[in-house]
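Trainee: I am new to this structure. Could you take me through the terms, and show how each one is decided?

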Number of protein chains: 2
Amino acid sequence: MNFKEKLSKKVKENNSLLCVGLDIDEDKISNMSLLDFNKKIIDETKDIVCAYKINMAFYEVFGKEGYELLEKTMDYIPKDIPIILDGKRNDIGNTAEKYAKSIFETLNADATTVNPYLGSDGIKPFLKYKDKCSFILCRTSNTSAKELQNIKSNGKPLYESIAEKIKDWNKIGCCGAVVGATYPEELKKIREILGNDIPILLPGIGKQGGDLEKSVKYGGENTIIVSARGIIYAKNPREEAVRLRDEINKFR
Amino acid sequence: MNFKEKLSKKVKENNSLLCVGLDIDEDKISNMSLLDFNKKIIDETKDIVCAYKINMAFYEVFGKEGYELLEKTMDYIPKDIPIILDGKRNDIGNTAEKYAKSIFETLNADATTVNPYLGSDGIKPFLKYKDKCSFILCRTSNTSAKELQNIKSNGKPLYESIAEKIKDWNKIGCCGAVVGATYPEELKKIREILGNDIPILLPGIGKQGGDLEKSVKYGGENTIIVSARGIIYAKNPREEAVRLRDEINKFR
């Protein structure tokens, strides 16, 4: 099964567009091992989510042990739930090939995130993995995203040009867009450019203050809504995941 | 000693602006272990280089073993030679903090490369490490770099705006620019914007076909000239390193 089929199956089964981000943080987890923490979160949310997202930064910081923790966490996730390995990797062609291989072969993730600053050369090696999906950073959720991403050329902001490129790249292999929930008008425009077939990965809900109703309305069904800190550090992660899943569903 | 002092000392000692890139590739190394290969290259070039650059992609592809290989290679490099860990990492603020910590604390590199697509939020956590240096991708060496990096806004290509930002970011902490040797006119313009105090990391010489004379002339003394494949896979890596170091010096 390819990424899109796996995702679509899980969206239906769990009636959910919610993706839980396993952004572990030593400072916030004191009463158990980080692996046990992840296992607990996975046990409590696996029937609520459509996917898990793992941001590599939170694992790399622990060095070799972090790498093992990443592998063990991925192993623990039920095989029918798609894993998005959020690495935002990027490099020139022959090097991007190595990153694509690391993520899609060595770690066997279902999807990843890629930074587009180097242009097509840096994206295409990822798209060779036809059964996987590469989400290209388009309009990110952070405040300073606008410094580059909103630069206007011929009256059009850069993120719109990236959305157009994503539409082209998607002809080569499965390509998605990363769009922050914190910028609903940009999301609306990007969805118009992409059409409905291209998945959007949408972080920025929760701690970052993104607008949920507009995100669901403008992003549409093919949108994976990420919450990390807001769920995993909640008093009751399962209750919080259920609440958010159901709130998303109210707007679908 | 901070990165700049360490670099400047080694530039003088070895009379060199040459940085060797340890881009190991299993397909090209068959007669010894990858670690032995790196050790051999380091032994043969340590009195010729001003720095080593290690691109993380070539190590990540081997998973946990690759991480160990990266650590052992870094350990083997003499402590007075700066190590640039080329990861092109990037993320929003709290996550970029983890990447900066991974590179500058967990792995204790002297410098790194960072992608600017997310704007200042994603750069500032790296600049907190005052003794280290963060080279921001400005105008990369690959063919499709122009797709984004040459986009014109108010008559100015994006890479010029990035160079201006690097000049600002350098007020917070040591900031450099990555500029490809394959685009000498862009290099000239970027050096004009940056002034002479900000280091430039310049890949693209050798296999990629960059112009050495113009690179040295336009980049000036504060330029680290990278060659990876052209040296490490040469019949005689030491001879090739000496040749390139001396050729660079002819133009200084």
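Mentor: Of the 252 residues of chain A, 59% count as buried. Keep in mind that this is a predicted model: local features need pLDDT of at least 70, side-chain atom pairs count only at pLDDT 80 or more, and totals for chains, interfaces and linings use all residues. Residues are numbered from 1 along each chain as its sequence is written, while chains are lettered from A and ligands numbered from 1 in the order in which they are written.

Trainee: What makes B:Lys10 count as buried?

Mentor: The definition looks at C-beta atoms, placed from the backbone: a residue is buried if 20 or more others lie within 10 Å of its own, exposed if 12 or fewer, and partly exposed in between. B:Lys10 has 20 C-beta neighbours inside 10 Å, so B:Lys10 is buried. This lysine sits in helix α1 (residues 3-13) of chain B.

Trainee: Which residues does B:Lys10 touch, leaving out those up to four places away in sequence?

Mentor: B:Cys50, B:Ala51, B:Asp80, B:Ile81 and B:Pro82. Two residues are in contact if their C-beta atoms, placed from the backbone, lie within 7 Å.

Trainee: What secondary structure does chain A have?

Mentor: Chain A has 12 helices and 10 strands. These are DSSP runs, numbered from the N terminus: helices are H or I with at least four residues, strands are E with at least two.

Trainee: Which residues of helix α1 in chain A are buried?

Mentor: A:Phe3, A:Lys6, A:Leu7 and A:Lys10 are buried in α1 (residues 3-13). They cover an arc of only 95 degrees around the axis, so they lie on the same side of α1(A). The arc is that of the directions from the helix axis to the C-beta atoms. A:Glu5 and A:Lys12, on the other side of α1(A), are exposed.

Trainee: What covers the buried residues of α1(A)?

Mentor: The cover includes β2 (51-55), β4 (111-114) and β5 (133-139) of chain A.

Trainee: What stands out about A:Asn15?

Mentor: A:Asn15 is not a glycine, yet its phi is positive, about 45 degrees. Most residues other than glycine have a negative phi. A:Asn15 lies in the loop between α1 and β1 (18-21) of chain A. With 15 C-beta neighbours inside 10 Å, A:Asn15 is partly exposed. A:Asn108 also has a positive phi, near 55 degrees. A:Asn108 has 13 other C-beta atoms within 10 Å, so A:Asn108 is partly exposed.

Trainee: Which residues touch the most other members of the largest nonpolar core?

Mentor: A:Ala177 and B:Ala177, in a core of 172 residues. Such a core is a set of buried Ala, Val, Leu, Ile, Met, Phe, Trp, Tyr and Cys residues joined through C-beta atoms within 7 Å. The contacts of B:Ala177 include B:Phe135, B:Ile166 and B:Leu194.

Trainee: How do you know that the two copies are related as by a two-fold rotation axis?

Mentor: A rotation of 180 degrees, with 0.0 Å of shift along its axis, superposes chain B on chain A with an RMSD of 0.0 Å. The two copies are therefore related as by a two-fold rotation axis. In chain B, the C-alpha nearest the axis belongs to B:Ser153, 2.5 Å from it.

Definitions and conventions. Least-squares fit on C-alpha atoms with pLDDT ≥ 70 in both.
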